[in-house]
Amino acid sequence: MGIRFNEVSYTYNSFSDMEASAIYKISLDIKEKDEFIALVGHTGSGKTTLAKHMNALIFPTSGYMEIFGKKIEHKRNKKIKYNDIRQNVGLVFQFPEYQLFEETVLKDVMFGPMNFHIDKEEAKELAMNAIRLVGLDESYFERNPYNLSGGEKKRVSIAGILAMDPKILVLDEPTSGLDPAGKRVLMELFLNIHETTNKTVVIITHDMDLVYEYFNRVIVMNEGEKIYEGEPEKLFRNSALIEEYLDYPNSIKVLKHLNKTLKLDLDVFKKTADDVLAEIKKAVK
Ligand SMILES: Nc1ncnc2c1ncn2[C@@H]1O[C@H](COP(=O)(O)OP(=O)(O)OP(=O)(O)O)[C@@H](O)[C@H]1O
Ligand SMILES: [Mg+2]
C-alpha cells in the first residue's frame with residue numbers, strides 16, 4: 001500500500017491569489033517495503049513540503065493522497081485516525097533540535113512510543129535500543145537534550161522516530177551538519193535498517209555523493225515540480241539536467257576533471273574512492 005500522491009498541490013496560507021504552490025501536481029508512488037529513496041533539489045524546491053504530506057502533517061490543497069489505504073484530502077475526515085498514519089510513517093524533521101523538549105534524552109526518546117500507548121517499561125527498552133543504534137552510549141541517557149551538540153541532537157531525534165518502529169521512515173536532511181564520519185555512520189545505519197527489515201526509507205539530502213553511492217531511486221524536485229524520478233546513475237548521465245539543477249558527485253567530478261586536463265578517456269561513472277582509484281590506475285598503466 002505505502003504512500004501514493006495523486007496530483008497533489010500545496011500552497012501555504014497566503015493572502016494573495018498569486019502565491020505560488022510549494023508543490024505542484026505531484027504524482028508519486030512509494031511502496032510499503034523495499035525502497036531506499038533519495039529526495040533532492042534546490043533549497044525551496046518543495047522537498048520538506050512533500051515530506052510533511054507523507055505522514056499527513058499537512059493536507060493537499062488540491063489532489064489527494066493515499067497513505068496505507070487511507071485517503072487524505074484537503075478536508076479532514078473524522079473517520080481517519082491521523083495518529084495511526086504518523087505511527088506508520090515516521091518523519092524526522094529538518095531541524096529536529098526544536099522538537100526536543102523532555103529533560104532527559106531517554107525521556108525524550110520514550111515520548112514517541114508512549115504516545116502510541118506502549119507501556120512505560122517497554123518504551124524504555126525501545127528507547128535505550130534506539131539511542132544505542134544511533135551511536136550514542138548510555139552516558140547520554142540522563143543528559144539534558146538542550147545541552148547536546150547539533151549532531152547529537154539530530155541523533156536523539158532520529159532515535160525518537162526509530163523507537164516508534166514505523167513502517168516507513170522519512171528523514172529530512174538527517175546528515176546535514178554532521179562531520180563526514182558521522183554522515184557515513186548514519187547512512188550505514190539507515191541502510192542497515194532498510195536491509196535487515198526491508199523497511200522503506202526516504203531521505204532528503206543535498207549530498208550527491210551519498211545519492212550516488214547509497215540509493216537505488218532518486219526523486220528530483222525543482223520549483224515545486226518533480227522533474228526526475230529513477231536511478232541515480234541515469235540521472236548523473238543526464239548532463240543537461242545535472243548542470244542546470246544539481247551537481248555531480250565528487251567521484252564523477254574528479255574523473256571528468258582528469259579527462260579534461262590530461263586528455264584521458266576514463267569512465268567517469270564510478271561511485272566510491274576505491275573505484276575512482278582503480279579507474280585511474282588503469283590509465284597509469
Ligand atoms: N511555513 C511556510 N509558510 C509559507 N511558505 C513556506 C513555508 N514553508 C515553506 N514555504 C515555501 O514553500 C516552498 C517550498 O519550501 P520547502 O521547505 O518545502 O523547500 P525545501 O526543498 O525543503 O528547501 P530546503 O532545501 O531549503 O529545506 C518555498 O518557496 C518556501 O519559501
Ligand atoms: Mg527542507
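Modeller: Two strands are said to pair if DSSP finds at least two bridges between them. Please keep in mind as we go that this is a predicted model.

Biologist: With that definition, how many bridges join β1 to strand β4?
Modeller: Strand β4 covers residues 62-67, and β1 and β4 run antiparallel to each other. One place where the partners can be named is Arg-4, whose bridge partner in β4 is Glu-66. Since two bridges are enough for a pair, β1 and β4 count as paired, for the number of bridges that join them is five.

Biologist: Which residue in β2 is the bridge partner of Val-8?
Modeller: The strands β1 and β2 also pair, in the antiparallel sense and over five bridges. Strand β2 takes in residues 23-30, and within β2 the bridge partner of Val-8 is Ile-26.

Biologist: Is Ser-9 buried or exposed?
Modeller: Ser-9 has its place in strand β1, which covers residues 3-10, and six of the eight residues of β1 are buried, so this strand is largely enclosed by the rest of the structure. Leaving aside neighbours within four places in sequence, Ser-9 is in contact with Ile-23, Tyr-24, Lys-25, Pro-60, Thr-61 and Ser-62. A residue is called buried when its relative accessible area is under 20%, and because the relative accessibility of Ser-9 is 6%, Ser-9 counts as buried.

Biologist: What is the relative accessible area of Tyr-24?
Modeller: Tyr-24 lies in strand β2, and, not counting residues up to four places away in sequence, it touches Val-8, Ser-9, Gly-224 and Glu-225. The class between buried, under 20%, and exposed, over 50%, is called partly exposed. Tyr-24 is placed in that partly exposed class because its relative accessible area is 39%.

Biologist: Which strands stand at the edges of the open sheet?
Modeller: The sheet is open and has six strands in the order β6-β7-β8-β3-β9-β10, with mixed pairing. A strand at an edge has a single partner strand, so one side of it is left without a neighbour in the sheet, and this applies to β6 (89-92) and β10 (225-230). Neighbouring strands of this sheet are turned by 15° against each other on average, direction ignored. The strands at the edges are therefore β6 and β10.

Biologist: Which residue in β9 stands opposite Val-40?
Modeller: Strand β3, made of residues 36-41, and strand β9, made of residues 217-222, pair in the parallel sense over five bridges. Within this pair of strands, the residue of β9 opposite Val-40 is Val-220.

Biologist: What angle does the direction of helix α1 make with that of β3?
Modeller: Helix α1, residues 47-54, packs on the sheet and touches β3, β6, β7, β8 and β9. This helix is mostly covered, with six of its eight residues buried, namely Lys-47, Thr-49, Leu-50, Ala-51, His-53 and Met-54. After α1 comes Ala-56, whose phi is positive, near 55°. As for the direction of α1 relative to that of β3, the angle is about 145°.

Biologist: At what angle to β6 does helix α5 run?
Modeller: Helix α5, residues 150-162, lies across β6 and β7. Directions are taken from the N to the C end, on a scale from 0 to 180 degrees, and on that scale the angle of α5 to β6 is about 175°.

Biologist: Which element supplies the largest share of the lining of the largest pocket?
Modeller: The largest pocket holds about 520 Å³ of space, and of the 23 residues that line it, the closest to its centre are Leu-91, Phe-93, Phe-111, Ile-161 and Met-164. The lining divides into 13 nonpolar, eight polar and two charged residues. At least two lining residues come from each of α2 (82-88), β6, α3 (105-115) and α5, and the largest share, five residues, comes from α3.

Biologist: Which helix gives the most to the lining of the second largest pocket?
Modeller: About 230 Å³ of space lies in this pocket, and its 15 lining residues include Leu-133, Leu-162, Asp-165, Ile-193 and Lys-199, which lie nearest its centre. By class, the lining has nine nonpolar, four polar and two charged residues. Both α4 (120-133) and α6 (180-197) supply at least two residues of the lining, and the helix that gives the most, with five residues, is α6.

Definitions and conventions
Residues are numbered from 1 along each chain as its sequence is written. Chains are lettered from A and ligands numbered from 1 in the order in which they are written. This is a predicted model: local features need pLDDT of at least 70, side-chain atom pairs count only at pLDDT 80 or more; totals for chains, interfaces and linings use all residues. Side-chain values use heavy atoms; hydrogens and water are left out. Helices (H or I, at least four residues) and strands (E, at least two) are DSSP runs, numbered from the N terminus. Contact means heavy atoms within 4.5 Å. Buried means under 20% relative accessible area, exposed over 50%, partly exposed in between (1.4 Å probe, protein chains only). On a 1 Å grid over the protein atoms alone, a cavity is a set of points where a 1.4 Å probe fits but cannot get out, and a pocket is an open set with protein on both sides within 12 Å along at least five of seven lines; lining residues have an atom within 4 Å of a point. Grid points are joined across faces, edges and corners, and a volume is the space filled by probe spheres set on the points. Ala, Val, Leu, Ile, Met, Phe, Trp, Tyr, Cys and Pro count as nonpolar, Asp, Glu, Lys and Arg as charged, and the others, Gly among them, as polar.
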